[in-house]
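Below are some notes for a colleague who is going through this model with the coordinates open.

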Amino acid sequence: MQKDLIKVYKGELAPLEKFDVIKKYNFYYCYENTIGINGYVCEKIFDCFYCGVVPIYWERQNIKELIPYDCFIDGREFKDDESLYAFIEGMDYQTYRHYLEQAQVFLRSPEMERFTVKNSIDCILSPLMNHIENRHTMVGRKDENSYS
């Protein structure tokens with residue numbers, strides 16, 4: 001017996017339009033799109049934090065070490081979609097607000113710094129700058145030695 005698939009794809013969005021879509025929901029599934037890079041977390045969970053939506057996060061094993069657990073729902077903790085849905089459906093408003101408030105606290109915390117664009121750029125440029133500086137120093141030494 002084959003189930004009919006429900007069409008959910010409604011076309012492409014411009015880069016900033018995704019926030020308008022996310023804001024329409026109370027909860028949002030966030031599937032990690034990259035695994036195996038230590039400390040990397042894709043933008044989806046942060047999009048939810050910025051939009052005031054509770055993320056339901058899937059994939060990264062150590063997510064609780066990177067982002068406070070009370071900012072999101074860990075989808076892996078549920079045996080199936082039905083138990084996850086029952087959890088969400090039974091959630092009181094205070095619990096829901098707590099997730100949203102804790103996400104805002106996290107966004108303003110020093111721990112969030114590691115996920116900023118500035119930090120990403122620094123992580124890429126710092127080794128390059130060190131390499132350039134070391135190379136420049138070595139070239140200077142060669143020049144000094146050649147003249148003595």
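1. A salt bridge here is a side-chain nitrogen of Lys or Arg within 4 Å of a carboxyl oxygen of Asp or Glu. The model is a predicted one, in which local features need pLDDT of at least 70 and side-chain atom pairs count only at pLDDT 80 or more, whereas totals for chains, interfaces and linings use all residues. Residues are numbered from 1 along each chain as its sequence is written, and side-chain values use heavy atoms, with hydrogens and water left out.

2. With that rule the count of salt bridges is five. One of them joins the side chains of Lys64 and Glu77, with an N to O distance of 2.6 Å. This pair links distant parts of the chain, since Lys64 belongs to helix H3 (residues 63-66) and Glu77, 13 residues away, to the loop between S3 and helix H4 (81-89). Helices (H or I, at least four residues) and strands (E, at least two) are DSSP runs, numbered from the N terminus. Lys64 is partly exposed at a relative accessible area of 41%, and Glu77 is partly exposed at 43%; the classes are buried for under 20% relative accessible area, exposed for over 50%, and partly exposed in between (1.4 Å probe, protein chains only).

3. A salt bridge also connects Asp47 and Lys18, whose closest N and O atoms are 2.7 Å apart. Asp47 sits in helix H2 (residues 44-51) and Lys18 in helix H1 (residues 17-22), so the pair ties together parts that are 29 residues apart in sequence.

4. Within helix H5 (residues 93-107), Glu101 and Arg97 lie four residues apart, about one turn of the helix. They form a salt bridge in which the closest N and O atoms are 3.9 Å apart, a value to read against the limit of 4 Å. Glu101 is partly exposed, with a relative accessible area of 41%, and Arg97 counts as partly exposed at 29%. Elsewhere, salt bridges that share partners join Lys18, Glu43 and Asp47 into one network.

5. Aromatic pairs are those in which the rings of Phe, Tyr and Trp (its six-membered ring) have centres within 6.5 Å, with planes under 30 degrees apart counted as stacked, over 60 as edge-to-face and the rest as tilted. A search of the whole structure gives twelve such pairs. In one of them the rings of Tyr29 and Tyr31 have centres 5.8 Å apart and planes at 65 degrees, so the arrangement is edge-to-face. Tyr29 is partly exposed at 34% relative accessible area, as is Tyr31 at 43%. Tyr69 and Phe72 also make an edge-to-face pair, at 5.7 Å centre to centre and 80 degrees between the planes; Tyr69 counts as partly exposed at 35%, whereas Phe72 counts as buried at 1%.

6. Asp74, in strand S3 (residues 73-74), is buried with a relative accessible area of 2%. A polar contact (a pair of N or O atoms within 3.5 Å; within protein, one must be able to donate a hydrogen and the other to accept it, and residues adjacent in sequence count only if both atoms are side-chain atoms) of 2.7 Å joins the side chains of Asp74 and Arg76. Leaving aside residues up to four places away in sequence, Asp74 touches Tyr57, Ile63, Lys64 and Tyr69, where contact means heavy atoms within 4.5 Å.

7. Ser109 is placed in the loop between H5 and helix H6 (117-147) and is buried, at a relative accessible area of 16%. A polar atom of the Ser109 side chain lies 2.7 Å from the backbone oxygen of Phe106.

8. As to the overall fold, the protein chain has six helices and three strands, which follow the pattern α-β-α-β-α-β-α-α-α along the sequence. Of its 148 residues, 28% count as buried. Among contacts with a separation of 6 or more, residues 24 or more positions apart account for 56%.
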